Amino acid sequence: MPRASLPESPAGARAADPRAAPRTPGTALRQRLAELRGPDVRPQPLDARALAALAANPGCGRRALLDGAGVPKAALAESLGSPSGFGQSQFAFMRGHAFEARVKSDGGTELLRLTHACLGGGPEPEPGTARVPDLTAAGPEGRAGRTALALREATAAGAWTLLDHPMLALDVAGTPAFLEPDAVVVAPDGTWTVVEIKSFPMIDGAADAAKVGAAARQAAVYVLALERVAAQVAAQDSGQGASQAGGGAGLVPEVRQRALLVCPKDFSNLPAASPVDIRKQLAVTRRQLSRLTRVEDIAATLPPGTTFDVNRPAVELAAAVDAVPATYAPECLAACELAFHCRDRARAAGELTSLGRSLRADLGTLTTVEEALAAARGAAGDPDDPAVVALRWAGALRAEALGESWGGSASETSSDGVAATAAVAGGVRCP
């Protein structure tokens, strides 16, 4: 299954030796992130699923910093007293690995056949003739470099090539992340295809739309990283010209904007495949990742001595986490281990985002439950604001329907009252 990692920095950083060479900005950032994570805490791998969730909520500086620093959010949530059941079950994990091994067996013969049947790319691959390069190297940086070399050689060779769990690098908010897709297939025509292997079934040629959408968002992250490698390969080939070895001079690699989704067919363990158009997800992910605040900028705003070491007391951890601004929405419950903690804080502060992004957008300049209730009663708010006008009209209609006086009964001072009033406001026409 896909994994990734951030470069580790030395634990327990010591005072700088005046005779040593000055630290580069990259080294200083890695050391700062290690201090935030804790000297005895291993960095949490940053995978495509986490990046897709981060791109879906680019305004959350808390997640950007914690993911960039490699803080294990599940352990952090446990230490805060807000454990989350987020994650994949052990059974699903083992089933996914077994199905992936079946798909890639015999040198990827079946996987390459499915790729050719769904996307083309050249003559039909013959069993046993595909190239499966060894991508072993020391460390994530070494594996990423070996992957880039293997992609360049495969493109120049013009033959079917399967890269099993290649390593790709992507810059995320100023921090390098190393991503590991299930597979990348290089076709004889020079096209590169990201392969997503999932254990959920494909029944009658169709799979669950929500799960396919999640897979498409993950594939978009891989394609972004793969495009970076393709640009480097094209630049190298352009510089070398006709002197390039292997006869591939002038062949420009193309990263497909359609990923290949491979799932069990119906209720069997046989693989079935379908191309997934990820152009929309690719554009959204590229734009959202570019909007992320750089990790070093977020870290610079923290008080001195701030740490997210999960071994620290819960009170200290809560203060450290709350020092980083978050943007909570109900969608976070399915994508972030800290969602329960952030939800409690958002509800305590009366933030309208805890009721959903669409409701928050409908209420315009109103940002809290108290502001919305006051505007609905006529005690506050711009009378020319369409959201305020709609809230007042809807509040009056709701109070009349319930036979209550609209003045602040216990039922109307809660977020449920705001949600109900806003729902009425969305369904009525003001006079």
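1. Helices α4 and α11 are oblique to each other in this predicted model. Their packing angle is about 120°.

2. The crossing of α4 and α11 is left-handed. On the α4 side, Leu76, Ser79 and Leu80 make the contact. On the α11 side, Ala314, Leu317, Ala318 and Val321 make it. By class, six of the contact residues are nonpolar and one is polar. No charged residue takes part in the contact of α4 with α11.

3. Helix α14 spans residues 369–377, and helix α15 spans residues 386–402. Their axes come within 7 Å. They cross at roughly 70°, which makes α14 roughly perpendicular to α15. The cut-off matters here: the perpendicular class runs from 65 to 115 degrees.

4. α14 passes α15 in a right-handed crossing. From α14, the residues that meet α15 are Ala372, Ala375 and Ala376. Their partners in α15 are Val388, Leu391 and Arg392. The contact of α14 with α15 holds five nonpolar residues and one charged residue. It has no polar ones.

5. Which handedness goes with which pair? The crossing of α4 and α11 is left-handed, whereas that of α14 and α15 is right-handed.

Methods:
Residues are numbered from 1 along each chain as its sequence is written. This is a predicted model: local features need pLDDT of at least 70, side-chain atom pairs count only at pLDDT 80 or more; totals for chains, interfaces and linings use all residues. Side-chain values use heavy atoms; hydrogens and water are left out. Axes are lines fitted to C-alpha atoms, for helices over the stretch in contact, and angles run from 0 to 180 degrees between N-to-C directions. Helices (H or I, at least four residues) and strands (E, at least two) are DSSP runs, numbered from the N terminus. Angles under 35 degrees count as roughly parallel, over 145 as roughly antiparallel, 65 to 115 as roughly perpendicular and the rest as oblique. A crossing is left-handed if the near helix is turned anticlockwise from the far one by less than a right angle, and right-handed if clockwise. Contact means heavy atoms within 4.5 Å. Ala, Val, Leu, Ile, Met, Phe, Trp, Tyr, Cys and Pro count as nonpolar, Asp, Glu, Lys and Arg as charged, and the others, Gly among them, as polar.
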